[in-house]
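Subject: Structure handover

Hello,

Here is the structure I promised to pass on. Please open it first, then read my notes below.

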Amino acid sequence: MHRGRRAGVVGVIQVVASMALVWTAPAAQAISPPVIDPGAVAANEPPTPPEDLESTGPCAEPGLIAGTDVGAPPGPQAFMNLPALWAAAGGMGEGVKVGMIDTGVNASPRLHVSGAGDYVVKGGDGLQDCDSHGTVVASIIAGLPSEGDGFSGVAPGAELVSLRQSSSGFRPAHPSGGGDQQAERRAGNITTLAKGLRVLADTPGIKVINMSVVACIPVLKPVDQTVLGATIRYAAVEKNIVLVAAAGNIGAPDCAQNPDIDPGRSGDSRNWSGVVTESAPGWFSDYVLTVSATDVTGQPAVNDKQREMSVFGPWIGVGAPGLLVSGFNERGELINGIKNQDGLLMSMSGTSYSAGYVSGIAALVRSMRPDLSAAQVIQRIKLTAHSPGAGVDNRLGYGVVDNRVGYGVIDPLAAL
């Protein structure tokens, strides 16, 4: 994720629920899709930090990059063709609540948002965002239009419910052990992700949950995800909630790249056995729609080193715009950059924002077609996507699937 003045330039934005793991080098160790124990669901308990945390320094400083045409819709938004979406949906997502597990959301005059709790600051309500990350994701999902700029969220009629689960602006005040791993740990882990998901799943009215938080877990250093998997299934099946997750960004801690598909691998064409990095929660693909980042032409997004930005995986569902995004701050002012340690505004990109665009589509679909189940909404988004140019048969007769953009790049109007 971006970290403002605290940790230098990070143009690709991602929340990493760090498990303090170290990746050395890719190595073969075959894995299979995760198995879920339905009885291991997290308890519904009031959110509170699992340990004492302290600030790492000043909060991120968002701003507007010089030369920006504020009156024009940002590129990713233009890709979405929002006026046509709203006309097709017969509305802007009214009647739908979207839960967010993120770095919190700063309340803004351009958001309908309430708080569900805080795992970073004791007594917090989820309506503080030191990272400016969750606030931008919220802007993309459900930000209201303004006469002052050309920006709008995908479903501005939807209500948001924010739960702060992680932050790069806070670290353990009394880390256990020693070494750089503990010193670099930040707020947020698999346990609080599962607990936060249970809280939102039990919040009345929530029909979509966006998880722009990613834990990259090396296959050779596994982490127990039993409770997380069970809670994901509980939210998706028992509570009928559309779950959307970011794929993760190359360059973030522990996010080593996975291979693409291997059509020649009998019985394993999506190449599960080649995986070196698990992307949680997204790899629970039976219940989660996992989103990779594309540019506005529908090509996989690349970072400033011309490497593909997203973490590949056999769990990728679709690709969506995630390059050079915009949002707004707590005053509703347009932003499209975060200051680095040298005080320079760096553009914002990453799979976190791609997930936000897909959650916005899901909110529109659920508003338009409340009769559809969560699984049907996800299938609708997948099967209307534009298939990648090469891949493996998906056995449903809808083109091909790969590990970069899954079923393909979203077609929002077709999904509606």
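Start with strand 4 (residues 97-102), where five of the six residues are buried. Buried means under 20% relative accessible area, exposed over 50%, and partly exposed in between, with a 1.4 Å probe and protein chains only. Helices (H or I, at least four residues) and strands (E, at least two) are DSSP runs, numbered from the N terminus.

Some ground rules. This is a predicted model, in which local features need pLDDT of at least 70 and side-chain atom pairs count only at pLDDT 80 or more, while totals for chains, interfaces and linings use all residues. Residues are numbered from 1 along each chain as its sequence is written, and side-chain values use heavy atoms, leaving out hydrogens and water.

Strand 4 and its partners

Strand 4 pairs with strand 6 (residues 159-164) in the parallel sense, over six bridges. Two strands pair if DSSP finds at least two bridges between them. Met100 sits opposite Ser162 of strand 6. Strand 8 (residues 206-211) also runs parallel to strand 4, joined by five bridges. There, Lys97 has Ile206 as its bridge partner.

Helix 7 and the cores

Helix 7 covers residues 351-368. The expected span is 1.5 Å times one less than the number of residues. Of those 18 residues, 16 are buried, so helix 7 is largely enclosed by the rest of the structure.

The largest nonpolar core has 62 residues, and Val358 and Ile381 have the most contacts inside it. Helix 7 gives the largest share of this core, nine residues. A nonpolar core is a set of buried Ala, Val, Leu, Ile, Met, Phe, Trp, Tyr and Cys residues joined through side-chain atoms within 4.5 Å. Beyond its neighbours within four places in sequence, Val358 is in contact with residues including Val244, Leu289, Ile381 and Ile410. Contact means heavy atoms within 4.5 Å. Another core, of 39 residues, lies apart from the largest one; Leu163 and Met211 are among its members.

Two polar contacts

His133 belongs to helix 3 (residues 133-142). At 0% relative accessibility, His133 is buried. Its side chain makes a polar contact of 2.9 Å with the side chain of Ser352. A polar contact is a pair of N or O atoms within 3.5 Å; within protein, one must be able to donate a hydrogen and the other to accept it, and residues adjacent in sequence count only if both atoms are side-chain atoms.

Arg270 is in the loop between strand 10 (242-246) and strand 11 (277-280). Arg270 counts as buried, at 16%. A polar atom of its side chain lies 2.7 Å from the backbone oxygen of Asp402.

Aromatic rings

Rings of Phe, Tyr and Trp (its six-membered ring) pair if their centres lie within 6.5 Å; planes under 30 degrees apart count as stacked, over 60 as edge-to-face and the rest as tilted. The count comes to five aromatic pairs. Trp283 and Phe284 have ring centres 5.7 Å apart and planes at 65°, so they are edge-to-face. Trp283 and Trp315 are edge-to-face too, with centres 6.4 Å apart and planes at 85°. These two are 32 residues apart in the chain. Trp315 is buried, at 1%. Ring pairs link Trp272, Trp283, Phe284 and Trp315 into a cluster.

Best wishes
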